[in-house]
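Hello,

Here is the structure I said I would pass on to you. Have a look at it first, and then read on for what turned up.

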Amino acid sequence: MARILYGYPGSRSTRVAWMLEELGLDYRFVRVDLSSGQHRSEAFLRLNPGGKVPVLEEDGFLLTESVAICTWLGDSHPESGLVPRCGTHERALYDSWTCFILSELEQPLWNMAKHRFALPEEYRLEGMKRTALWEFARALKALEAGLDGRPCLVGEDFTAADLLATATLNWALANKVPVESPAIRAYLRRHTARPALARAREREEQGEPFA
């Protein structure tokens, strides 16, 4: 099976590379140079008209959006336990947490990033950072309350929901956004230490260039 992950180190593609490593699946990592605008090239837009990474290609099938990709991979390999089976309470909780991660935890970070470098300069608002930091702090409190002292978001075992939350929290720290809760910091350390994440980061750095 030919499986290709198009991405860029430190972007949302890290989530998918991490998921692939957790599952032990073979794949090629193709590095799309965001800094030079390769994601806006005609060749890449044929893969994703939205011009964003990640894109997973599997035997000609193309899938975008990191949460959708991770969930599909987990559904395709139910024996891994990384994504709970459909129709279970655990799956309902998994879906609830992934929606929260996208809409509440990640969104303030992405808003700050957009107004720092992604949007055209005439549309950037310096003052929105204060609001986004407040929103992120509120989301962190909700995350801590939802964990309620447990090691993982869905039951006692690591799932792709923890992968997505950990990747998002690491993105916050990389951009010097405060994550001060001792409970959240412990949660973050626990899951960041997983060997599959280290392998994913190494694969991203060694990826072949997009042509």
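One term first: a crossing is called left-handed if the near helix is turned anticlockwise from the far one by less than a right angle, and right-handed if clockwise. Please also keep in mind that this is a predicted model.

**Helix α4 and its two partners**

On the α4 side, the residues in contact include Tyr94, Trp97, Ile101, Leu105 and Trp110; α6 contributes, among others, Ala161, Leu164, Thr168 and Trp171. Sorted by class, this contact has 14 nonpolar, 2 polar and 1 charged residues.

Now turn to helix α5, residues 128–147. Its axis and that of α4 come within 9 Å and cross at roughly 155°. An angle over 145 degrees counts as roughly antiparallel, and α4 and α5 are therefore roughly antiparallel to each other. Here, too, α4 makes a left-handed crossing as it passes its partner, α5. Among the α4 residues in this contact are Trp97, Phe100, Leu105, Met112 and His115, while α5 brings residues including Met128, Leu133, Phe136, Arg138 and Leu143. The contact of α4 with α5 divides into 14 nonpolar, 3 polar and 4 charged residues.

**The largest pocket**

Of its 31 lining residues, Ser11, Arg12, Leu34, Trp110 and Phe117 are the closest to the centre. The elements that give two or more residues to the lining are α1 (13–23), α4, α6 and α8 (195–205). By class, the lining has 13 nonpolar, 10 polar and 8 charged residues.

**Two spots in the backbone**

Most residues other than glycine have a negative phi, and most peptide bonds are trans. Two places are worth a look with that in mind. The peptide bond from valine 53 to proline 54 is cis, with omega near 10°; proline 54 sits in the loop between α2 (42–45) and β3 (55–58). Glutamate 65 has a positive phi, near 75°, and belongs to the loop between β4 (61–64) and α3 (66–76).

Enjoy exploring it!

Best wishes

Methods. Residues numbered from 1 in each chain as written. Predicted model: local features only at pLDDT ≥ 70, side-chain atom pairs only at ≥ 80, totals over all residues. Heavy atoms only, no water. Contact = heavy atoms within 4.5 Å. Helix = DSSP H or I, 4+ residues; strand = E, 2+ residues; numbered from the N terminus. Nonpolar A, V, L, I, M, F, W, Y, C, P; charged D, E, K, R; others polar. 1 Å grid on protein atoms, 1.4 Å probe; cavity = no way out; pocket = protein on both sides within 12 Å on 5 of 7 lines; lining within 4 Å. Axes fitted to C-alpha atoms, helices over the stretch in contact; angles between N-to-C directions. Parallel < 35°, antiparallel > 145°, perpendicular 65-115°, else oblique.
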